[in-house]
Amino acid sequence: MSTAAKERPSLELVTDFNPTKPLKMRFQAPQLGALGVTFTLMRAFQFACLISVIGLCANFINEIATAEHNPPSELVGALTVAVTAIIYVIITYILYYDNMLSMLTTAGLDGLLFIASIVVASLIGKPLSMLNCAAIPSSDYASTLFSSAPSPIKSIITKTVSYVSFVLLDQTTCYQIKAVWGLCITICLLFAFSTLACLGLWQRIRRETKNKDIEG
């Protein structure tokens with residue numbers, strides 16, 4: 001009877017979750033000083049520029065494909081590099097955020113994308129450097145000029161559309177292609193800076209690791 005009368009001990013669930021801990025402290029990028037901030041900004045700007053290039057190039061290729069022609073290799077190459085680069089940018093920043101990124105390897109890959117961006121910018125900008133878009137007929141004029149064809153691009157005889165012919169199609173296309181060219185140049189600069197930032201972060205992390213080993 002005395003045993004039954006005893007009060008049973010209460011059970012408590014112990015967890016490591018602390019609801020009072022700020023959310024930003026639980027989800028926070030690595031604290032690596034100005035170089036870390038620079039790397040984050042470079043990745044953000046790269047993402048924005050690459051998204052713009054993908055959107056413009058995909059729209060060009062869609063218009064050409066709708067007209068039952070093959071797109072020029074310059075646009076296909078730019079789209080391929082941009083899609084590859086944006087996947088790389090997203091994956092590397094996720095790994096950086098979780099402190100799982102090899103900075104030396106990333107510096108090498110950023111350098112390769114820097115070279116690829118230079119090649120794309122050179123191919124895209126080759127016929128644009130001396131081109132005055134204002135001197136090209138407007139889109140309304142182009143539509144009238146090629147009204148006998150289902151699409152202005154239909155006026156091109158070859159199955160694969162010439163890149164120069166496509167650039168000279170109308171003012172809108174010319175300005176949009178020049179925007180792609182400008183974005184490609186910007187991407188070159190961004191990957192150059194991110195390569196240097198990765199090298200600096202690699203040196204900093206290696207130095208901090210050596211100091212910890214000495215102190216240990």
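Over residues 179-202 the chain is 100% helix and 0% strand, with end C-alpha atoms 34 Å apart. The model under discussion is a predicted one. Residues 75-96 are likewise 100% helix and 0% strand, and the end C-alpha atoms of that span are separated by 31 Å.

The structure contains 1 disulfide. The bond is formed by Cys133 and Cys174, with an S to S distance of 1.9 Å. Distant parts of the chain are linked by this pair: Cys133 belongs to the loop between α5 (103-125) and α6 (139-145), whereas Cys174 lies in helix α8 (residues 171-215), and the two are 41 residues apart. Because the torsion about the S-S bond of Cys133 and Cys174 is about -70 degrees, the disulfide is left-handed.

Cys184, by contrast, takes part in no disulfide. The nearest cysteine sulfur to that of Cys184 belongs to Cys57 and is 6.7 Å away; a disulfide requires the two sulfur atoms to be within 2.5 Å.

| Residue | Relative accessible area | Class |
|---|---|---|
| Cys133 | 3% | buried |
| Cys174 | 0% | buried |
| Cys184 | 5% | buried |
| Cys198 | 0% | buried |

How values were computed: Residues are numbered from 1 along each chain as its sequence is written. This is a predicted model: local features need pLDDT of at least 70, side-chain atom pairs count only at pLDDT 80 or more; totals for chains, interfaces and linings use all residues. Side-chain values use heavy atoms; hydrogens and water are left out. Helices (H or I, at least four residues) and strands (E, at least two) are DSSP runs, numbered from the N terminus. Buried means under 20% relative accessible area, exposed over 50%, partly exposed in between (1.4 Å probe, protein chains only).
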